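Visitor: Hi, could you walk me through this one? I'm new to reading structures.
Guide: Happy to, let's take a look together.

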Amino acid sequence: TGPTGGVGATAIDILAGLGYEVSALTRKPEESADFLKAMGASDIVDARSIEMGTKPLEKALWGGAVDNVGGDLLAWLTRTIRPWGNIASIGLAASHKLETTVMPFILRGVNLLGIHSVEMPMELRLRVWDKLSGEWKPQHLDTIGARTVSLDEVPAICEDMVAGKVTGRTVVEFK
């Protein structure tokens with residue numbers, strides 16, 4: 001979820017590079033399909049068309065997920081992950097709330113993994129960085145982080161981000 005941002009696009013790039021079939025759930029498929037396919041997504045799903053359902057468990061659809069959105073979409077993911085699947089919860093672009101039941105966790109063995117990198121021990125950081133420079137190395141970093149702006153351009157970029165017009169990562173250059 002949230003696949004057009006820097007974290008989502010990098011996750012697609014890494015997972016597709018490792019041979020996984022990646023579905024990208026986005027609210028802007030018309031504007032971002034080419035970008036997401038270039039990152040390695042094999043399927044683009046319009047998140048606006050998802051029937052969230054009302055049952056504690058819905059049809060199992062996904063082997064795992066990287067969620068940058070939170071809220072209702074994350075709750076829906078917990079109900080649609082296949083048995084023993086993992087969800088990496090990395091963001092809260094839609095909401096910090098999570099309203100769900102324990103049924104996916106008990107009956108399907110779903111794991112919800114909170115991603116918190118700030119206090120990660122250096123030994124683990126070094127292992128992850130080693131993988132990111134080797135077998136997990138993203139192939140499209142030049143596309144994901146292609147935009148560089150000045151500090152004066154930040155307000156306009158922020159407006160574009162809120163409007164859903166930005167893909168990838170924006171680097172702010174200080175001079």
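Visitor: Is W76 buried or exposed?
Guide: W76 counts as buried, because its relative accessibility is 5% and buried means under 20% relative accessible area, exposed over 50% and partly exposed in between, with a 1.4 Å probe and protein chains only. Before we go on, this is a predicted model: local features need pLDDT of at least 70, side-chain atom pairs count only at pLDDT 80 or more, and totals for chains, interfaces and linings use all residues. Residues are numbered from 1 along each chain as its sequence is written, and side-chain values use heavy atoms, with hydrogens and water left out.

Visitor: Got it. Which residue forms an aromatic pair with W76?
Guide: W62 does, and the two are edge-to-face, with 6.2 Å centre to centre and 70 degrees between the planes. The rule is that rings of Phe, Tyr and Trp (its six-membered ring) pair if their centres lie within 6.5 Å; planes under 30 degrees apart are stacked, over 60 edge-to-face and the rest tilted. By this rule the count comes to one aromatic pair.

Visitor: Which parts does the pair tie together?
Guide: W62 lies in strand 3 (residues 62-67) and W76 in helix 3 (residues 71-80), so the pair links parts that are 14 residues apart in sequence. Helices (H or I, at least four residues) and strands (E, at least two) are DSSP runs, numbered from the N terminus. W62 is also buried, at 16% relative accessibility.

Visitor: Which strand does strand 3 pair with?
Guide: Strand 4 (residues 81-89), in the parallel sense and over five bridges. Two strands pair if DSSP finds at least two bridges between them. In this pairing, G64 stands opposite N86. The chain goes from strand 3 through helix 3 to strand 4, and this β-α-β crossover is right-handed: with the strands pointing away from the viewer, the path from the first strand over the helix to the second runs clockwise.

Visitor: What about W84, is that one buried or exposed?
Guide: W84 is exposed, at 68% relative accessibility. W84 sits in strand 4, and its phi is near 70 degrees, a positive value in a residue other than glycine.

Visitor: New topic! How many residues does the largest nonpolar core have?
Guide: It has 14, and those with the most contacts inside it are L25, I50, W62, W76 and I87. A nonpolar core is a set of buried Ala, Val, Leu, Ile, Met, Phe, Trp, Tyr and Cys residues joined through side-chain atoms within 4.5 Å. Strand 3, helix 3 and strand 4 each supply at least two residues of this core, and helix 3 gives the largest share, four residues.

Visitor: And what is L25 in contact with?
Guide: Leaving aside neighbours within four places in sequence, L25 has contacts (heavy atoms within 4.5 Å) that include P3, I50, W62 and W76.

Visitor: Last one: where does S32 lie?
Guide: S32 lies in helix 2 (residues 29-39). S32 is buried, with a relative accessible area of 0%. The S32 side chain reaches the backbone oxygen of K28 at 2.6 Å. Not counting residues up to four places away in sequence, S32 touches T4 and T26.

Methods. A polar contact is a pair of N or O atoms within 3.5 Å; within protein, one must be able to donate a hydrogen and the other to accept it, and residues adjacent in sequence count only if both atoms are side-chain atoms.
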